Amino acid sequence: MPFIFFKSLQGTLKSYGENINEISSLLDKAILRVNALIDPTPENKLKVLSLPPIEELSRKINENIDQLYERKKEITKHLQNINKVLEDARIKCESCNGEGKVKRLKYEREDNIIMSFYERELCSTCGGLGYFTISEEVRKKDMRF
Ligand SMILES: [Zn+2]
């Protein structure tokens, strides 16, 4: 179960890296654009022929920077989650969202009418606890990272 946290952290870190690569590549293009403006030799002009205009490059750079800020918040949240799990030595059950019970849709036939209603029953994933306990041994191993 703790792997869920690491998986989503890994996913966010990957996206973060992609944003950084994108910004780097956009900056390369922006530099070529600026070069062609300052030093408009045929060679420099040729290099920017297929590149988007500087306004578009600038807009995309800003978009990526905004995304970086958002992802940074997500990464912090993931790390806080992992810390909390290690501190409390328990992981919230994802099936019942920590409540120990789940809603299940049931049907009942009365005369010719079928009625549906929700019934709360014990979560079968965590057995009604709402969480999983991490053993001391596993916790100590994790702390070494
Ligand atoms: Zn549960």
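Read along the sequence, this protein goes α-α-α-β-β-β-β-α. That makes 4 helices and 4 strands, where helices (H or I, at least four residues) and strands (E, at least two) are DSSP runs numbered from the N terminus. Keep in mind that this is a predicted model: local features need pLDDT of at least 70, side-chain atom pairs count only at pLDDT 80 or more, and totals for chains, interfaces and linings use all residues. Residues are numbered from 1 along each chain as its sequence is written.

| Domain | Residues |
|---|---|
| domain 1 | residues 3-88 |
| domain 2 | residues 101-143 |

The centres of domain 1 and domain 2, taken over C-alpha atoms, sit 41 Å apart.

Of the 145 residues, 7% count as buried. Buried here means 20 or more other C-beta atoms within 10 Å of a residue's own, exposed means 12 or fewer, and partly exposed lies in between, with C-beta atoms placed from the backbone.

Now take L37, which belongs to helix α1 (residues 3-38). L37 is exposed because 12 other C-beta atoms lie within 10 Å. The C-alpha atoms of L37 and K7 are 45 Å apart, and 30 residues separate the pair along the chain.

Conventions
Domains from an automatic or database assignment.
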